[in-house]
Amino acid sequence: MSFLRLFHWLSHTWVGVAMRDSTWGFAIVEMCHLLALAILGGTVLILNLRLVGLGLRRQSVSRLAGELLPWFTGSLVMMVISGFLLLSSGPMRYYYNEAFRLKMLLTLPAIVFQFILLRLGGAQAEGPTPAWSRLSAVVSLGLWLSVGIAGRAIGFI
Amino acid sequence: MGLLLHLCQWLYGTSTGTAIRESTYVFPIIETVHTLAIVLLVGTVAIVDLRLLGLVLKREPVSQVAGQLLPWTWAGFAVMFVSGSLLFWAEAATIFVNPAFRLKLLLLPLAGLNPLIFHFTIYRSVSSWDVAPVTPARARLAAVLSLSLWSGIIIAGRAIAYFHRQA
């Protein structure tokens, strides 16, 4: 099934109809999306900054990765669910929105890359962070920053 | 109130305010920077709050988590404050009467006062509970207040656009 048909189908499901017709639905779900963003952004920042060698430098990478993983996963799940609900309020509007397309294209690699970093970071030994891991943390931060900028731009297009 | 409204109308009418408001890209760019700065500020604050509540990093000393993250919180605050002031400058006359903006303005000093009180009261004895997984009740109260106030600020901030009317 093409994305176009999938989005078209979504707009006719009961979730899509309920989100579209509700007065406060969009506003409330969007605020949940933003609150989850604060937690996701916080964990992503702290973990990647640590890999770069900034922020919580006196804590080991493996401990930080282990401690922050549930918060990263939890807020990510909340963002995906609320994001899906926002999308269902007007799938066709988003289908033709270039910022939305860009955000989706960036989100997938950002998530996969961050999970890889969390796994590798969790297994990392004590001591200074290797150069490859500092570089990948910068890439990860750049990816998330682009996701955020593209996300904000959806509303401006 | 009359004087404040006049001041806001004057700001709104200045060439800088008008330029930001009427530009195609400057306003959205400032707004995006403002949002990203909030993620930096509230994200780091939330991690410290969750540590105080014993929900994350509980084996790390509170003073270490708080101390190492504080510069990032301040950086987020500085960018948020400057970008927020520019957004206000551009929308002063219309935003002044916006109920969501007024609520946000009410919550902001409370969110600022909370860590100040925390710092000068219970945090003075941090050495006695620095490594405790769960901190004293007053520290946890400050953490809950902080999470609630910042959540309220994010919600009110987003709601500004829902109440927005062009002048």
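This is a predicted model: local features need pLDDT of at least 70, side-chain atom pairs count only at pLDDT 80 or more; totals for chains, interfaces and linings use all residues.

Ground rules: residues count from 1 along each chain as its sequence is written, and chains are lettered from A in the order in which they are written. Local features need pLDDT of at least 70 and side-chain atom pairs count only at pLDDT 80 or more, while totals for chains, interfaces and linings use all residues; side-chain values use heavy atoms, with hydrogens and water left out.

**Exercise 1.** Find the residues with the most contacts inside the largest nonpolar core.

*Solution.* 
- Start with the term: a nonpolar core is a set of buried Ala, Val, Leu, Ile, Met, Phe, Trp, Tyr and Cys residues joined through side-chain atoms within 4.5 Å. Buried means under 20% relative accessible area, exposed over 50%, and partly exposed in between (1.4 Å probe, protein chains only).
- The largest core has 38 residues, and B:Phe118 and B:Trp129 have the most contacts inside it.
- Now look around B:Phe118: leaving out neighbours within four places in sequence, its contacts (heavy atoms within 4.5 Å) are B:Leu52, B:Tyr123, B:Trp129, B:Ala139 and B:Ala142.

**Exercise 2.** Work out which residues line the largest cavity, and what kind they are.

*Solution.* 
- A cavity here is a set of points on a 1 Å grid over the protein atoms alone where a 1.4 Å probe fits but cannot get out; lining residues have an atom within 4 Å of a point.
- The volume, about 30 Å³, is the space filled by probe spheres set on the points, which are joined across faces, edges and corners.
- The lining is A:Thr43, A:Val44, A:Leu47, A:Leu68, A:Phe72, A:Gln114 and A:Leu118.
- Sort them: five are nonpolar, two polar and none charged, with Ala, Val, Leu, Ile, Met, Phe, Trp, Tyr, Cys and Pro as nonpolar, Asp, Glu, Lys and Arg as charged, and the others, Gly among them, as polar.

**Exercise 3.** Classify the ring pairs A:Phe72–A:Trp144 and B:Trp74–B:Phe77.

*Solution.* 
- Rings of Phe, Tyr and Trp (its six-membered ring) pair if their centres lie within 6.5 Å; planes under 30 degrees apart are stacked, over 60 edge-to-face, the rest tilted.
- A:Phe72 and A:Trp144 have ring centres 6.3 Å apart and planes at 80 degrees, so they're edge-to-face. Both residues are buried.
- For B:Trp74 and B:Phe77 the centres are 5.7 Å apart and the planes at 90 degrees, so that pair is edge-to-face too. B:Trp74 is exposed at 53% relative accessible area, and B:Phe77 is partly exposed at 31%.

Terms used. On a 1 Å grid over the protein atoms alone, a cavity is a set of points where a 1.4 Å probe fits but cannot get out, and a pocket is an open set with protein on both sides within 12 Å along at least five of seven lines; lining residues have an atom within 4 Å of a point.
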